Amino acid sequence: MRTPTTFSLAATMLFVFAAPCRSEDVIFEDAFKDGPSKKWEPVGLDKKDYRVKDGGLEMRVQNGPAKKGMPVLKVILPFKTTDTVIVSVKVTPLDEFTADGEFAGVDLWTDGSPEFAAKKERVKGKLVFAPGKYVFKGKKGEEGDVEKYEVKYTEVTKDAGDLRITVDRGTAFFSVGPSPKGEYTGFFHSALQRDVKECGFCLTAAGAPEKANHWVRFTDFKVVKP
């Protein structure tokens, strides 16, 4: 993931793309009614670690901290990081996350690995949306110094809405919504690699304590071009 920048004018664009669009083009969706779509590909994920049940895909939270090459379930789709696409998915932990760093979510996948994430994660004993919002605390002229930013997290609520990643012409935005009031909340954004050969998204869950048997549920997975 790239160096964070302030949540400024570029992030405001998120709300335009996050809002429902009458002319949106659905490029992939999976309601998990009769098993996962054949387009899904497990990467290092054992068959015993995921299942489809009652219209949702359930995944075991991998034990141990997140690391490069951790197991995921990916889908490769026909878009580029310079296009505009939105992925949304409902993520519901079936078991309480009991270790800081334990998470579940959706990642943008580029050229063989995750590049940008939207997660529900336990941080300091609370389940929050992560990455959080970076707030600039420095002086004028210090905007390029990552040490001058403070990360503020928002605690997860049941009615906040789906996890969403908006890819918009070389930048990715993380938001949640819509809420029952039709509202979207933006958290983090970052520049993306532009010259990539393969793009898609992946579902992932990791960080559970050793020997824990925690599961998370994914429903209503959808990718659109607005």
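Glu41 counts as partly exposed at 40% relative accessibility; buried here is under 20% relative accessible area, exposed is over 50%, and partly exposed is in between, with a 1.4 Å probe and protein chains only. Keep in mind that this is a predicted model, where local features need pLDDT of at least 70, side-chain atom pairs count only at pLDDT 80 or more, and totals for chains, interfaces and linings use all residues. Residues are numbered from 1 along each chain as its sequence is written, and side-chain values use heavy atoms, leaving out hydrogens and water.

So what does Glu41 pair with? Lys74 is the partner in a salt bridge, with the closest N and O atoms 3.8 Å apart. That pair links distant parts of the chain, 33 residues apart: Lys74 is in strand β6 (residues 72-76) and Glu41 in strand β2 (residues 41-43). Strands are DSSP runs of E with at least two residues, numbered from the N terminus. A salt bridge means a side-chain nitrogen of Lys or Arg within 4 Å of a carboxyl oxygen of Asp or Glu, and the structure holds 11 of them.

Next up is Arg122, which bridges to Asp100. Arg122 sits in strand β9 (residues 113-123) and Asp100 in the loop between β7 (84-93) and β8 (103-110), so the pair ties together parts 22 residues apart in sequence.

Here are three of the pairs:

| Pair | Closest N to O |
|---|---|
| Lys74 and Glu41 | 3.8 Å |
| Arg122 and Asp100 | 3.1 Å |

As for burial, Lys74 is buried at 9%, and Arg122 is buried at 19%, while Asp100 is partly exposed at 47%. Asp168 is buried at 4%, whereas Arg169 is partly exposed at 46%. Finally, Arg51, Glu58 and Arg217 are linked in a salt-bridge network.

Terms used: Helix = DSSP H or I, 4+ residues; strand = E, 2+ residues; numbered from the N terminus.
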